[in-house]
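Trainee: I would like a close look at one part of this protein, the aromatic ring pairs. Please take them in context and go step by step.

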Amino acid sequence: MKFTQSIFAAAFAFAAAAAFAAPVTMQGVGVGKHGDIQVAVTFDNGKIQKIDILKNAENPVLAKKVFTDLKDQIVAANSVQLDGISGATFTSKGLFAAVEDAAKKAGVTLGQADKKALKAAVKDLPKDASYDVVVIGAGGAGFSAAIEAKNAGATVVLLEKMPQVGGNSLISGAEMNAAKNWVQPKLGITDDSPELHAKDTYLGGDKKGDMKVINVMTHNALAGAEWCRDYLGVRFEPDNLFFFGGHSRKRALIPVGHTGTEFITKFQAKADELGIPVITNMKAEELIKDKSGRVVGVKATMNGAEYTFNAKGGVVLATGGFGANPAMVKKYNPKIDERFKTTDAPGTTGEALYMAQRAGAELVNMQYIQTYPICDPISGVIELIADARFDGAIMLNQEGKRFVEELGRRDVLSEAILDQTGGYCWVLWNDKIGAVSNTVKEHPTEYDAFTKQGIMTTCPDLKCIADF
């Protein structure tokens, strides 16, 4: 700055420069579901101007709304005192922490949210629309139904109450049992059949299943897997299968990445290609019936506004179960009480079952609720890395003893764990298993996140493990 003017002018120029200081950008880090989330935040006069996501290992489907909608809300509100995205709680918290870290480094104090700035624009959707088929629930079943209906010549809409698609299909390991699949011969398995698959399913369900229904599933399983592979483009591991409890043969195809992300991203891409509208944040409330009692549509809500979707050809309910509704779980199976968390997606709360019941449907087999033996003891979410038990990892109790066959049925493992001291166990494997286990290799972010949480550790010897 040249001080060639008067003292008054120079002082004025300095004050102006201070008032219009250049924006500053700082990096911040927070811990998400699958490790660190790194951001760059630009501040100007104490206000957030822009947030760039530099690095993350979050599930791209679950995290999409966090890194778009929630990120924009933080900028608009100039605050992290906001509600996270339902279904992506840990990713939301990680983003909040990263932005707060950047603000601290920039010397900026973030306060309460500016609620006026948070008024979201309502989607430009007609309040009354008509289709041939309305599908409710955008998981694997819902996408499959919508795509098949579209290919049959119907006009289709897919409704999803959560901010993101996928449901349980997204967060599961997404392995797919199919007898006589293309991988089995590579592993020397030549004696499998849909009939044997059906028998295993019937016996594995303590003979409570309907063999006619089971046979429909097992005799169409391979065609379904080939449809996923050849039409959707789902990639499966070419020379590896899972051997699930209750089965007499190794027959579970494994998607690349060992999660449902491989399926859901391909489902979404195909829906986009076919022009199927997928409307998220749209909650089905009531089925509409005509004078004859036939279901001809659904009433739904979004952000407090009501919408009607008429369905000339029918409504498909593909909303999953109710594992994320503790009261409903306890109602139908009192043994599974408040002690239990859930590995289900947060949207599996069962309202659509009651909606169907009000329309005249009969609810059956509600008491048969599956428990999953291995989960994060803090959040209850599924621990996919613990599937290392399929590759030789062992389960130990607090006395350091192996207490169950790790390849047994899920319910058998769950009951065995609950019988141990404290009602929990450890999963233990060594470097040799880790080196050959695709499960361990595919989930390094879980390893990092669980280690930071203190529920997983790496030790040089068994004494260290025992002390942990």
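Mentor: What follows starts with the overall fold, goes through one set of ring pairs, and ends with the cavity.

The model is predicted. The protein contains 15 helices and 14 strands. Along the principal axes, its C-alpha atoms fill a box of roughly 95 × 70 × 45 Å. Of the 468 residues, 42% are buried. Taking contacts between residues at least 6 apart in sequence, 63% join residues at least 24 apart.

Now the rings. A pair of aromatic rings is described by the distance of the centres and the angle of the planes. The count for this protein is 10 aromatic pairs. One of them is formed by F242 and F244, with 5.5 Å from centre to centre and 90° between the planes, an edge-to-face arrangement. F242 has a relative accessible area of 2%. Buried means under 20%, so F242 is buried. F244, at 11% relative accessibility, counts as buried too.

F244 also pairs with F390. The centres of these two rings lie 5.2 Å apart and the planes stand at 80°. Planes over 60 degrees apart count as edge-to-face, so the pair of F244 and F390 falls in that class. Where do F244 and F390 lie in the chain? F244 is in the loop between β7 (236–242) and β8 (252–255), while F390 is in the loop between α10 (351–358) and β13 (394–396). The pair therefore ties together parts that are 146 residues apart in sequence. F390 counts as buried, because its relative accessibility is 16%. Put together, F244 has a ring pair with F242 and another with F390.

Elsewhere, ring pairs link F143, W227, Y231 and F267 into a cluster.

The structure holds one cavity of 30 Å³ or more, and the volume of the largest cavity is about 40 Å³. Which residues line the largest cavity? The lining consists of G32, K33, F90, D376, S379, V381, F450 and Q453. By type, the lining divides into three nonpolar, three polar and two charged residues. The phenylalanines F90 and F450 are among the lining residues.

Note on methods
Residues are numbered from 1 along each chain as its sequence is written. This is a predicted model: local features need pLDDT of at least 70, side-chain atom pairs count only at pLDDT 80 or more; totals for chains, interfaces and linings use all residues. Side-chain values use heavy atoms; hydrogens and water are left out. On a 1 Å grid over the protein atoms alone, a cavity is a set of points where a 1.4 Å probe fits but cannot get out, and a pocket is an open set with protein on both sides within 12 Å along at least five of seven lines; lining residues have an atom within 4 Å of a point. Grid points are joined across faces, edges and corners, and a volume is the space filled by probe spheres set on the points. Ala, Val, Leu, Ile, Met, Phe, Trp, Tyr, Cys and Pro count as nonpolar, Asp, Glu, Lys and Arg as charged, and the others, Gly among them, as polar. Helices (H or I, at least four residues) and strands (E, at least two) are DSSP runs, numbered from the N terminus. Buried means under 20% relative accessible area, exposed over 50%, partly exposed in between (1.4 Å probe, protein chains only). Contact means heavy atoms within 4.5 Å. Rings of Phe, Tyr and Trp (its six-membered ring) pair if their centres lie within 6.5 Å; planes under 30 degrees apart count as stacked, over 60 as edge-to-face and the rest as tilted.
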